Amino acid sequence: MNSKNDTTTAPPDSAGFDVREFARTAHGNHRGTLDLDSLADEPLDAESVRLVRALRDMERTTLHRVRDLLVTATHKDARVTAFLTTWMFEKFWIADALDAVLDASPAARDLPASAGPARRVWAERRERRGPVLRSLAANFTGTQIVAEHVTTGLVDEWITQAAYRRLAGVSCAMASIIDPVVEIKHRHIRFLAAEAERRLGYSARARRITNRALRHSAWPLGSVDRAEHERTFFERHVFGDQSGRAEARRIRAMVAALPGIRPGVASTVESRLLP
Amino acid sequence: MAFDIDKYTKNSTGVQWADLDFDEFERDPLPEETLRTLRYMCDIEYHTVCYLRDLLTTPSHDEPAVGAFMTMWNREEFWHGEALAAVLERHGLRVDFDELKATRLKLGWRDRLGTVKQTVMGRLVGHDFVAVHMAWGAANEWSATAAYHRLAALESHPVLVPLLRRIAQQETKHVAFYASQARDRLAASKKARVIARLALEKAWGPVGSGIMPEAEVTHVMTHLFAGSEGRKLIRDIDAHIAKLPGMEGLHIVEDAMDERGIAS
């Protein structure tokens with residue numbers, strides 16, 4: 001198993017992102033600093049509230065995602081698990097802040113139900129695997145799976161950040177709430193980007209499994225479990241208009257710039273974002 | 001008594017030590033056997049994420065209160081690891097993430113198939129498997145609390161003792177969560193009681209056994225719990241476990257001590 005394990009993983013990162021510093025300066029509860037009163041002066045429209053709910057639900061499924069990562073060799077990498085520990089803590093409190101926004105938004109009461117039948121797409125079938133299949137399959141992939149996890153995590157952050165930026169553009173009140181969230185997520189991106197570049201740059205096997213994963217992922221991650229109508233809403237609202245399409249193009253360019261990611265794979269990611 | 005999850009999450013914080021004068025460790029270093037025990041505790045705290053993984057393969061995290069607890073608990077345990085690593089560092093012992101990774105890699109196939117076994121068991125047993133994890137977690141947290149208190153009592157170091165007390169105080173909250181969860185879930189299901197009892201009786205071992213070398217397990221258990229005073233604490237842990245529904249008469253911690261020949 002050596003060829004799949006540590007002998008071929010990238011050497012430890014001595015410079016770059018300081019995981020311990022990240023842990024030390026984690027952002028917890030936002031409730032004390034949220035300006036919900038200005039949200040009363042500039043109430044959110046129904047579509048924006050629906051996007052807030054979608055993002056809240058995504059942040060809430062973090063433990064599910066952590067499970068899918070930990071049932072593979074990713075759990076062995078203590079630096080990555082140290083990051084995940086703080087990452088899930090920060091996401092817990094981002095979801096809580098979005099909850100507060102929903103509570104303060106009258107339009108939240110009239111939203112369509114978020115539950116509904118899921119979208120069944122053949123290309124996304126890998127994503128529907130439970131922990132047993134994931135764990136068994138990942139045993140054959142070995143420790144290079146960490147590259148897949150940090151890269152899909154990175155692309156996911158780029159996509160959700162596009163959604164957060166759209167929300168921040170709705171009003172000054174929303175910008176004051178969302179800007180700090182974007183700032184927090186910027187650190188997540190920095191870690192994931194550094195790890196992805198290092199690991200992809202180091203191993204051909206890492207590039208191969210990551211290309212495959214990017215081709216088959218449902219975006220944002222975890223979408224396979226979401227209702228078809230909620231996924232369609234997200235794609236239309238975030239990437240449907242001209243500026244949204246430009247965002248999707250930008251994401252394609254960033255994906256294509258990652259070491260060893262094929263242009264066709266980056267295009268597939270872009271096309272999956274568009275309604 | 002119900003566990004107040006909102007209060008717990010709001011107050012959850014990494015253990016603090018900036019106000020403690022760690023230079024004291026250079027003036028008055030800790031003895032070798034204490035450092036060895038601290039190293040063990042430090043590793044175990046960092047490895048909490050492996051235990052989190054097992055919990056996440058059960059349906060328990062779909063319940064918001066349990067998910068919230070796991071998020072905070074995992075982070076608090078990580079910070080215990082950081083605090084102890086900072087103490088060790090003052091003694092020239094560096095605990096880095098790559099070394100922890102090497103320990104986890106050494107576990108090999110046993111660990112790789114662990115997830116599958118856990119999940120399949122969880123599927124077979126169903127929702128009651130959550131109760132097994134909670135009872136197991138309670139036993140571990142009672143042990144951890146006792147270990148930190150005991151080390152604080154054995155040592156008189158002016159910086160180590162308050163740090164250990166702070167860690168123990170957080171562990172006490174973890175005990176409260178696991179024990180209240182275990183009590184409710186065990187009380188509600190006969191099947192859960194039967195399986196949890198079987199699991200504890202047949203498979204439970206001191207926290208860290210299975211991950212750490214057996215020689216280290218024996219060192220820590222001897223250092224902390226050998227002798228009549230230590231044995232009394234072990235029996236107290238067993239008494240707590242035995243009070244959980246369906247666990248009457250269990251003495252798994254004392255059995256684990258006897259198996260390792262720890263003198264009473």
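In what order do the elements of chain A run from the N terminus on? They run α-α-α-α-α-α-α-α-α-α-α-α, and chain A accordingly has 12 helices and zero strands. Helices (H or I, at least four residues) and strands (E, at least two) are DSSP runs, numbered from the N terminus.

This is a predicted model, in which local features need pLDDT of at least 70, side-chain atom pairs count only at pLDDT 80 or more, and totals for chains, interfaces and linings use all residues. Residues are numbered from 1 along each chain as its sequence is written, while chains are lettered from A and ligands numbered from 1 in the order in which they are written.

**Confidence**

The model scores ipTM 0.89 and pTM 0.90. For chain B, the average pLDDT (the predictor's confidence in each residue, from 0 to 100) is 90, and 91% of the residues score at least 70.

**Chain A**

The radius of gyration of chain A, 19 Å, is close to the 19 Å that the globule rule gives for 275 residues, so the chain is as compact as a globular protein of that length. This radius is taken over C-alpha atoms, and the rule is 2.2 Å times the number of residues to the power 0.38. Buried residues make up 46% of the 275 residues; a residue is buried if 20 or more other C-beta atoms, placed from the backbone, lie within 10 Å of its own.

| Helix | Residues | Length | End-to-end C-alpha distance | Expected span |
|---|---|---|---|---|
| H5(A) | 78–103 | 26 residues | 38 Å | 38 Å |

H5(A) is mostly covered, with 21 of its 26 residues buried. In H10(A), the buried residues are A:Glu230, A:Arg231, A:Phe233, A:Phe234, A:Val238 and A:Phe239. Their cover includes helices H3 (46–60), H7 (145–168), H11 (242–256) and H12 (263–273) of chain A.

**The largest nonpolar core**

A nonpolar core is a set of buried Ala, Val, Leu, Ile, Met, Phe, Trp, Tyr and Cys residues joined through C-beta atoms within 7 Å. The largest has 143 residues, and B:Ala131, B:Ala135, B:Ala138, B:Ala182 and B:Leu200 have the most contacts inside it. Helix H8 (residues 129–154) of chain B gives the most to this core, with 15 residues. Apart from neighbours within four places in sequence, B:Ala135 is in contact (C-beta atoms, placed from the backbone, within 7 Å) with B:Ala182, B:Leu186, B:Ala196, B:Leu200, B:Leu244 and B:Met247.

Key. A residue is buried if 20 or more other C-beta atoms lie within 10 Å of its own, exposed if 12 or fewer, and partly exposed in between; C-beta atoms are placed from the backbone. Two residues are in contact if their C-beta atoms, placed from the backbone, lie within 7 Å. The expected span of a helix is 1.5 Å times one less than its number of residues.
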